[in-house]
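Please look at the sequence and the model together, and keep both in view while reading.

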Amino acid sequence: MARCDVCGEHENMPYNCRRCGGTFCSAHRLPESHDCPGLNEWNDPDGVFDSGFDDSVNDDGRSSGGLADRIGVDTGPGGPLGYFRGNMTFVFLGAMWIWFAFQWGIAPFLLGVDPGSFAWYTIFTLNSENIFYVWPWITSVFSHGGFMHIALNSIVLYFFGPVVERRIGSNKFAALFLVSGALAGLAQVGATMYLSPGAFAPVLGASGAIAAVLGVLTILNPNLTIYLYFIIPMPLWLATTLFVGYSAFVSASGGIGAGGVAQLAHLAGVAVGVLYGIKLKRDGERAPQQLQLGGGRGPGGPGGPGGPGGRF
């Protein structure tokens, strides 16, 4: 027996919405009956359902697909970029591994960009020497310091990412991931430059972005049950609290880059996610009741070159 997310009525045969993952009774099972967030991404380019539903979206004469549609790129179900709708988590996962292959394979062996060289740090990390450039704000998010680093980050993103993406939509999820990842790196490098003037402070990794996803989900449903290592049940608020507490303790006792890990980037990522999660909760977003999570030390993960900046 389950409880309807809208009216709270107990239902022996509940309906699970394929778009938002919520649980509903027969009266609220239709997407329009429970204000499904998935309706925001509805697109019917061929006019199969001529109900007038999309008319309000296009009243101003512009396409509902945003910039992509305005420049002629079809992101609808039948378009060349239709896969990106609802799958940005896996797009980012794929991009991380492709960039990882370029970072540790193609760049050093085919292009002569040796790991640890100035060119390598310039391309793959956000650091005190290139902090005002734009590309490392993004490339550093997809770069990783080693196999275990990217593997652990991938595991956490694989479990948390789709849950959040289904609730806020692919566009907002992509913005959250990229912006929070960049801000986390900038916070780490900027703080290191302030605390240790003249020190070279590199940082790389997707943990800041993943920590933001964690923060969003924690606010949406703090009592969400996760299973660490697929075995240990724990409410999400406790897991997040332990993660934040550990990063804060290590930062206070050993510095924001203690152990070669960008502790401040973790904290900045969670902070961005929490703030955005508060906004989403005010907008009435819902979250699932159970999630299984496995892998490593959580969103932080080891790996990457050391130094005042570190990996995250």
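How many aromatic pairs does the count come to? Rings of Phe, Tyr and Trp (its six-membered ring) are said to pair if their centres lie within 6.5 Å, and a pair is stacked if the planes are under 30 degrees apart, edge-to-face if they are over 60, and tilted for the rest; by this rule the count comes to 17 aromatic pairs. The model is a predicted one, in which local features need pLDDT of at least 70 and side-chain atom pairs count only at pLDDT 80 or more, while totals for chains, interfaces and linings use all residues. Residues are numbered from 1 along each chain as its sequence is written, and side-chain values use heavy atoms, with hydrogens and water left out.

Both W120 and Y121 are buried, where buried means under 20% relative accessible area, exposed means over 50%, and partly exposed lies in between (1.4 Å probe, protein chains only). Y121 also forms an edge-to-face pair with F200, with 5.3 Å from centre to centre and 85° between the planes. Because Y121 lies in helix α3 (residues 118-124) and F200 in the loop between α6 (170-195) and β5 (203-204), this pair ties together parts that are 79 residues apart in sequence. Helices (H or I, at least four residues) and strands (E, at least two) are here DSSP runs, numbered from the N terminus. Y121 counts as buried because its relative accessibility is 15%, whereas F200, at 31%, counts as partly exposed. W99, F102, W104, W120, Y121, F124 and F200 form one aromatic cluster.

The next element to follow is helix α5. Its 22 residues (147-168) should span 32 Å at 1.5 Å a residue, and this agrees with its end C-alpha atoms, which are 30 Å apart; the expected span is 1.5 Å times one less than the number of residues. The helix α5 bends by about 35° at G161, and a proline, P162, follows within four residues; the bend at a residue is the angle between axes fitted to the seven residues ending there and the seven starting there. Since 17 of the 22 residues of α5 are buried, this helix is largely enclosed by the rest of the structure. After α5 comes G169, whose phi is positive, near 90°.

The side chain of S143 reaches the backbone oxygen of T139 at 2.7 Å. Leaving aside its neighbours within four places in sequence, S143 is in contact (heavy atoms within 4.5 Å) with W99, Q103, F124, L204 and G205.

G273, found in helix α9 (residues 263-282), counts as buried because its relative accessibility is 0%. Not counting residues up to four places away in sequence, G273 touches A212, G215 and V216, and its C-alpha atom is separated by 8.1 Å from that of L217, which is 56 residues apart from G273 along the chain.

Finally, consider the whole protein, which has nine helices and eight strands. Of its 312 residues, 47% count as buried, and residues 24 or more positions apart account for 66% of the contacts with a separation of 6 or more.

Note on methods: Polar contact = N/O pair within 3.5 Å; in protein donor to acceptor, adjacent residues only side chain to side chain.
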